[in-house]
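Subject: Structure for your review

Dear colleague,

Please find below the structure that I am handing over to you, followed by an account of what was found in it. I would be grateful if you read the two side by side.

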Amino acid sequence: MALTLISTPLDITTSDTPVSTVDITSGIDSTYSVYEFHFVGIHADTLHTDFEFQVNASDDTGGDFDTSLITSTFFRNYMGEAGDYAGPTYKTDRDLAQSAGYQELSYMIDQDDGDESLAGIFTLYDPSSTTYVKHFTSRTNANHHNGEYTLECFAAGYINQTLAIPEIRFRFDSGDIDAGTIKMFGVS
Amino acid sequence: MGLTLISTHTASSDATLDITSGIDSTYNEYQFYFVNIHGSEDDKQFHFQVNAAGESGFNETITSTAFYAFHEESGTSFGEYTLGYRTNADQAQGTAYQPAIGYNMGYDNDQSASGILTLYDPSSTTYLKHFTSEGSVAVYNNIAANLFTAGYINTTSAIDEISFKFNSGNIDAGTIYMYGVS
């Protein structure tokens, strides 16, 4: 297995202008059958927001990331600095069932102490297939709630679409991304 | 780029494998691949700790979670299979070594653990340092286990050293590959 860096769609610090979305509209094609998106130091400008994604299929390029139906699972694990823990627990309010909404990758992320962030890896399988639905998996770790929790989230599922998926968007459900790095790799 | 092999560390009856160079701002993500880590004692855990730059003792503060799935080779002595939270492999503001890929590891000649630890942005002086790990373990009493840990090292100082060892005994064999992701 080899990872090839395709692009760095996000690379900003809190000194830069925040962005509301990270839209990746090139580089996702038939060159690779597996794509990995690595999140490092993702920081929100809004308290207790959710990090999420949606896609545009090939019949909706340039669209509003609101038509592809996703069915997914979501579970999480957490530990507080005070020692309270839970999980792994399925989260019925974080999954999707044939929904065109955004799929959460983590939730209720903290940011107000300045040292909190999110990190993780999102994998998209065979986005250029015109035969199969498009599977994805995600594993993230983030500072949660009041910043004194480590929250590990696993999301997985499929985009119920046999058209190619050439575009993807990452965002917080409220507020902007004011720091962080997203790198897109092809796996071969 | 992608994955760049920075260094390879092969155990041979070592008490610890300490990596004291190569963790810096060159990469904002490091992956440690563990291949057939084998201990000298039965029912032990393989774990890690780090040093912030200029520090020593491998005792940084960690808050972490852990869960696992297991399945017995035969019988139902431990319930045959389960999925659940793994207490004692987590920490709440602890400074102990953090279990990574292996817990309750067996030391029969054919038993070992393998897996991956990812450390995010260790050179950041702004954020706490997130990590995730996943290991496949041959447990001492003939159980296959899949251990997941994640958490953060609760410091905004840069991390430049990492140490791996068992909670008792030596690392008899095994290889750790350290990669930078770029």
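Predicted model: local features only at pLDDT ≥ 70, side-chain atom pairs only at ≥ 80, totals over all residues.

Overall form of chain A

Chain A contains 12 strands and 0 helices, so that its order along the sequence reads β-β-β-β-β-β-β-β-β-β-β-β. Its radius of gyration is 16 Å, close to the 16 Å given by the globule rule for 188 residues, and chain A is therefore as compact as a globular protein of that length. The C-alpha trace of chain A spans about 50 × 35 × 35 Å along its principal axes. Of the 188 residues in chain A, 55% are buried.

In soluble globular proteins, nonpolar side chains tend to be buried together. Here the largest nonpolar core comprises 37 residues, and those with the most contacts inside it are A:Phe37, A:Phe39, A:Phe51, A:Phe53, A:Phe122 and A:Phe170. Strand E3(A) contributes the largest share of this core, with 5 residues. Another core, of 34 residues, lies apart from it and includes B:Ala11, B:Ile62, B:Ala100 and B:Val139.

A strand of chain B

In a regular strand the side chains alternate between the two faces of the sheet. E2(B) is joined by 4 bridges to strand E12 of chain B (residues 159-166), and the two run antiparallel. Within this pairing, B:Leu17 stands opposite B:Phe164 of E12(B).

The cavity

A search of the whole structure returns 1 cavity of 30 Å³ or more; the volume of the largest cavity is about 50 Å³. Both chains take part in its lining: chain A provides A:Val40, A:Gly41, A:Ser117, A:Leu118 and A:Ala119, while chain B provides B:Tyr120, B:Asp121, B:Ser124, B:Tyr127, B:Leu128, B:Lys129 and B:His130. At least two lining residues come from each of strands E3 (34-44) and E8 (118-125) of chain A and strand E10 (129-139) of chain B. By class, this lining has 6 nonpolar, 4 polar and 2 charged residues.

The two largest pockets

The largest pocket holds about 530 Å³ of space. It is lined by 24 residues, of which A:Ile121, A:Thr123, A:Arg139, B:Ile116 and B:Glu134 are the closest to its centre. Elements that give two or more residues to this lining include E8 and strand E5 (70-80) of chain A, as well as E10 and strand E3 (29-39) of chain B. The most comes from E9(B), with 4 residues. The lining divides into 11 nonpolar, 10 polar and 3 charged residues.

The second largest pocket has a volume of about 300 Å³. Among its 16 lining residues, the closest to its centre are A:Ile12, A:Thr13, A:Thr181, B:Asp121 and B:Tyr127. Strand E1 (3-12), E3 and strand E12 (177-187) of chain A each give two or more residues to this lining, and E12(A) gives the most, with 3 residues. In this lining, 4 residues are nonpolar, 9 polar and 3 charged.

With kind regards

Conventions: Residues numbered from 1 in each chain as written. Chains lettered and ligands numbered in written order. Heavy atoms only, no water. 1 Å grid on protein atoms, 1.4 Å probe; cavity = no way out; pocket = protein on both sides within 12 Å on 5 of 7 lines; lining within 4 Å. Points joined across faces, edges and corners; volume = space filled by probe spheres on them. Nonpolar A, V, L, I, M, F, W, Y, C, P; charged D, E, K, R; others polar. Pairing = 2+ DSSP bridges. Core = buried A, V, L, I, M, F, W, Y, C linked by side-chain atoms within 4.5 Å. Buried < 20%, exposed > 50% of the residue type's maximum accessible area, 1.4 Å probe, protein only. Rg over C-alpha atoms; globule rule 2.2 N^0.38 Å.
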